[in-house]
Amino acid sequence: MGKPTGFIEYERRVSKDVSPKQRIRNFNEFHEHLTMEEQQKQGARCMDCGVPFCQSGMTLGGMTSGCPLHNLVPEWNDLVYTGNWEQAYLRLHKTNNFPEFTSRVCPALCEAACTCGLNGEPVSTKENEYAIIENAYEKGYAAPKPPKVRTGKTVAVVGSGPSGLAVADQLNKRGHGVTVFERSDRVGGLLMYGIPNMKLEKHVIERKVKVMEAEGVVFVTGADIGKNVKAEKLLKEFDRVVLCCGSSQPRDITAPGRDAKGIYFAVDFLSKNTKSLLDSGFQDKQYVDTKGKDVVIIGGGDTGNDCVGTALRHGAKSVIQVEMMSKAPDGRGDKNPWPQWPQVCKTDYGQEEAIAVYGHDPRIYESTVKEFIKDKSGNLKAVKLVSLAWEKEPKSGRMNRKEVSGSEKVIDAQIVLIAAGFLGSQKYVTDVFKVALDGRTNVKTEDGRFATSVDRVFTAGDMHTGQSLVVKAIRQGRECAREVDESLMGYTNMYVQ
């Protein structure tokens, strides 16, 4: 695959980013992509390694290594190199319903497992994926292709995030009649309102939704099942129901002063920001304005970083990100060998921007909030932080984090954003369908299956497994669709890989 000597002849190149101080002036994507000719050289770097760990999707050391979708990476890298862009799109789309999303927001598990990266720089697979799908839209390869035969079977999909869209896309292509119910005013779920515009511009989602509509998928927005739409209605009118409502119950922080005004969940902060941007370009003021304010973000990960970038774009006076975990090493440790996911310190776009604006990394490690401090009117004015350290319990021998005595410090904060992850599915949805839950409030199924405890009701995505990656949600949706298809038809020929 690729040019046999390509990884020796060509250095890894990826898109250039607009400078941090320049890009924080707006909420646009900020990557300056390579030319098609240069992209073909990057495809040439795929080294015909024999064992393509990039597409394995294995679990190594408790972490995913390689693409969970089992994308045929070496095949379409080779097709990029030889300039066969249409065939590259067909091979990419065979395993991935939404490369326009994953090429923007996936952390590139494929690249972390690339054999070329063992002793050098990995192939720029994510950039190649982006080039393939954008070229496909430009050339018409990604145009709507409605199924030629309809089965007469109907399926309701509740939730239009990545797993719900994958279920809908797969089942519609099979010929079933699919209706997607979304409680928000726009289709996309996590993709639309959970991921900021600078990572995924929303016209990209709308473009794909229009293709799906032209292929026969029906989208109903403003339909909140369990509130303004009854679950019984779906069970009566459709042959199957698939729940893809996400893991949308945010984890809270219990500390004195939690009732102070100015404390928000990160998901609400990001959602309101994107909605206001799309509705009015922020003219409606229906967002949390951080201009001139000291902002403290509790939690790391992608969500915490997105909050940093969003707060900066509104002109925050200062931004601090508090993380309970220790700082990861700058390079791989001996216990974290390739092709495991590299457990190293990553400075993402938001942190890069904070460093450029404030002159320092916004992250404070091994710390947590001990108290939210209010003024006389109940408004948040500061937070008290405390350092954490590992201590071994004498009886059990387990290591636990303990507060370090005398380490408390108070920092100004008029806004706090809680980005501490999610606990599981929302109770009102699971209650109305009467589906069984596991100990983490995820919808329970048999191992490796998607049928719930309720007849004709299935589930997929974060609602099924807990909070995870977009690429894993798509994989779940594809596998769930296959099981639904088999239950409807008595057999299935649906390709999942």
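Which residues does Val157 touch, not counting residues up to four places away in sequence? They are Gly164, Val167, Ala168, Val178, Thr179, Val180, Phe181, Val242 and Cys244. Contact here means heavy atoms within 4.5 Å.

## About the model

This is a predicted model: local features need pLDDT of at least 70, side-chain atom pairs count only at pLDDT 80 or more, and totals for chains, interfaces and linings use all residues. Residues are numbered from 1 along each chain as its sequence is written, and side-chain values use heavy atoms, with hydrogens and water left out.

## Nonpolar cores

Val157 and Val242 have the most contacts inside the largest nonpolar core, which has 41 residues. Such a core is a set of buried Ala, Val, Leu, Ile, Met, Phe, Trp, Tyr and Cys residues joined through side-chain atoms within 4.5 Å. Elements giving two or more residues to this core include β5, α9 and β6 (177-182). The most comes from α18, with seven residues. Helices (H or I, at least four residues) and strands (E, at least two) are DSSP runs, numbered from the N terminus.

A second, separate core has 19 residues. Among them are Val296, Val369, Ile411 and Ala413.

## Around Ser160

Ser160 sits in the loop between β5 (154-158) and α9 (162-174). Its relative accessibility is 1%, so Ser160 counts as buried. Buried means under 20% relative accessible area, exposed over 50%, and partly exposed in between (1.4 Å probe, protein chains only).

## Aromatic pairs

The whole structure holds six aromatic pairs. Rings of Phe, Tyr and Trp (its six-membered ring) pair if their centres lie within 6.5 Å; planes under 30 degrees apart count as stacked, over 60 as edge-to-face and the rest as tilted. Phe27 and Phe282 form a tilted pair, 5.2 Å centre to centre, with 55 degrees between the planes. These two residues are 255 residues apart. Ring pairs link Phe27, Phe282 and Tyr287 into a cluster.

Phe53 and Trp338 pair edge-to-face, at 5.0 Å centre to centre and 70 degrees between the planes. Phe53 is partly exposed, with a relative accessible area of 23%.
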